[in-house]
Amino acid sequence: MTEAIIGLSASEQQLVAAAGDVCTASDTNTLFGANSDLPMLLVESAHCRAVISLYGAQLLSFAPAGQRDFLWLSPLERFQPGQAIRGGIPVCAPWFGVNRRENSLPKHGFLRNRRWILQSFNAADEQVELSLAYQSTEEDLSLFAWPIRAELRIILGRELEQVLSISNLGESAMPLSFALHSYLSVSDVGEAKVCGLDQQMYLDNCQGLSAFVQSGEVSFPGEVDRVYESQQSAQQLVDGQRTLSISGVDCETVIVWNPGAELAQQMADVGAYHKDYVCVERGRAFADEVILGAGERHEAVMRLASVD
Ligand SMILES: O=P(O)(O)OC[C@H]1O[C@H](O)[C@H](O)[C@@H](O)[C@@H]1O
C-alpha cells in the first residue's frame with residue numbers, strides 16, 4: 001500500500017482499485033505541493049480530467065479534453081483540515097451564507113468542512129460517475145438541530161453535472177438553504193460578463209441585501225455580491241473566447257460573487273488572484289429556502305457546459 005492512499009478507508013480503496021486507470025487516489029501534497037495530505041481523487045478519462053477532495057466532497061478541477069479548466073482553485077490555498085478550501089465547487093449547506101436564525105454559526109454551514117465518504121464509482125464510455133455521502137454526527141447537532149444525510153453525485157464527461165440531495169432524518173420540519181458554490185475560472189474578471197439575468201430582481205449583499213433590478217449583463221468593476229431568487233433559466237459566463245453555461249433544476253437561487261480588489265486584499269487566500277474567477281452559484285436561499293418535512297429529501301441538479 002502506498003502513502004498516497006493512507007487517507008482512504010478499505011471500501012474506498014476497493015472502489016478506486018476497481019476503477020482501474022480512470023481513478024487514482026492521491027493527496028494535497030502530491031497534487032498541489034501543499035504541506036498537508038488531505039485525500040484526493042484524480043480522475044483521468046478520455047473525456048476529461050478532474051480532481052475531487054473527499055473533504056467537503058469538493059470538485060477542485062474539471063477540464064474536458066482539449067479545454068482549459070472550468071474551475072478556479074486559489075494558488076494560495078493551504079489545504080488545512082477544518083478550513084474551507086478556496087475554489088472549485090464547495091457544497092454550502094445546510095444553510096447558505098450567514099445563518100439567518102443564529103448569526104454566530106459558521107458561514108455556509110458545515111458540509112464543506114467535513115470528510116465525506118466515497119460510496120460508488122462507475123466509469124462508462126462517455127462519462128464517469130461517482131457518489132459521495134455524509135451523515136451528520138452528534139457534534140453537528142449542536143450546530144443544526146436536525147440530523148441530515150447528504151449525497152453528492154458528480155458526473156464527469158465533456159460537461160459537468162452535480163446532483164446534491166439532502167434528507168431530513170429528524171422528526172420535525174427543517175429549514176434548508178444551500179449552494180453549489182462554483183468558482184469559475186476567467187482570464188480577467190474586468191472583462192467577464194454574466195448574461196441571462198437582465199431585468200431580474202436581486203438582493204445586493206454589498207448594500208445590506210437591498211433589492212434592485214438588474215440592467216443588462218452583470219460586470220465586475222469592483223465587489224459584486226448579488227442574490228437572484230427564483231431563476232428558472234440558464235446563465236452564461238462570457239469570458240473572452242469561452243462561454244460557460246450554468247443551469248440547474250430545483251436550485252433556482254443564483255448567487256454572483258467576486259470580492260473585487262479591495263476586499264480580496266483582506267482575504268489571505270485570494271489577494272490579487274480575485275481577477276481569475278467569478279462565482280456563479282446555484283442553490284436555494286432567501287425566498288427560495290426549502291422547508292423539508294420529517295423524512296423528506298430535496299434533490300438539486302447543477303450543470304456546467306462550454307457552449308463555444
Ligand atoms: O468566504 P466564504 O465564507 O467562503 O464566502 C464566500 C462568499 O460566498 C458567497 O458568494 C456569498 O454571497 C459572499 O458574501 C461570500 O463572501
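The points below cover the basis of the model, the annotated positions, the sheets and the cysteines.

1. Basis. This is a predicted model, in which local features need pLDDT of at least 70 and side-chain atom pairs count only at pLDDT 80 or more, while totals for chains, interfaces and linings use all residues. Residues are numbered from 1 along each chain as its sequence is written, and side-chain values use heavy atoms, with hydrogens and water left out.

2. Annotated positions. An unreviewed UniProt entry lists His 181 and Glu 281 under "active site"; UniProt positions follow the numbering used here, feature names are shortened, and annotations may be inferred rather than shown by experiment. The two span 101 residues in sequence, yet no two of their C-alpha atoms are more than 4.6 Å apart, so they gather at one spot. Both His 181 and Glu 281 belong to the lining of the largest pocket. Here a pocket is an open set of points, on a 1 Å grid over the protein atoms alone, where a 1.4 Å probe fits, with protein on both sides within 12 Å along at least five of seven lines; lining residues have an atom within 4 Å of a point.

3. His 181. This residue lies in the loop between strand E11 (178–180) and strand E12 (183–185); strands are DSSP runs of E with at least two residues, numbered from the N terminus. His 181 is buried, with a relative accessible area of 5%. Buried means under 20% relative accessible area, exposed over 50%, and partly exposed in between, with a 1.4 Å probe and protein chains only. Not counting residues up to four places away in sequence, His 181 touches Gly 88, Ile 89, Pro 90, Cys 92, His 108, Trp 257, Cys 279 and Glu 281; contact means heavy atoms within 4.5 Å.

4. Glu 281. Strand E20 (residues 277–284) holds Glu 281, which is buried at 1% relative accessibility. Beyond its neighbours within four places in sequence, Glu 281 has contacts that include Phe 96, His 181, Thr 253 and Trp 257.

5. Glu 252. This residue sits in the loop between strand E18 (242–249) and strand E19 (253–258). Leaving aside neighbours within four places in sequence, the contacts of Glu 252 include Tyr 228, Arg 282, Arg 284 and Asp 288.

6. Eight-stranded sheet. The order in this open sheet is E6-E7-E8-E9-E22-E18-E17-E13, with antiparallel pairing; two strands pair if DSSP finds at least two bridges between them. Strand E6 (117–123) and strand E13 (193–195) are at the edges, each with a single partner strand, so one side of each is left without a neighbour in the sheet. From one strand to the next, the twist averages 15°; axes are lines fitted to C-alpha atoms, and angles run from 0 to 180 degrees between N-to-C directions.

7. Pairing around E8. Strand E7 (residues 128–135) and E8 are antiparallel over eight bridges, with Val 128 partnered by Leu 156 in E8. Strand E8 (residues 148–156) also pairs with strand E9 (residues 160–168), antiparallel over nine bridges. Here Ile 148 has Asn 168 as its bridge partner, and Ile 154 stands opposite Gln 162. Three residues separate E8 and E9 in their hairpin.

8. Four-stranded sheet. A second open sheet has the order E1-E2-E3-E4, again antiparallel. Strand E1 (23–27) and strand E4 (58–64) are the edge strands, each pairing on one side only. Strand E3 (residues 48–53) is joined to E4 by six bridges, and Ile 52 has Leu 59 as its partner in E4.

9. Hairpin of E14 and E15. Strand E14 (residues 201–204) and strand E15 (residues 210–213) run antiparallel and are joined by four bridges; Leu 203 is partnered by Ala 211. Five residues lie between the strands, and Gly 208 takes a positive phi near 60° in this hairpin.

10. Cysteines. The structure holds zero disulfides, a disulfide being a pair of cysteine sulfur atoms within 2.5 Å. The closest cysteine sulfur to that of Cys 206 is in Cys 279, 13 Å away and too far for a bond. Cys 251 is in no disulfide either, with the sulfur of Cys 92 nearest at 13 Å. Cys 206 is partly exposed at 33% relative accessibility, whereas Cys 251 is buried at 1%.
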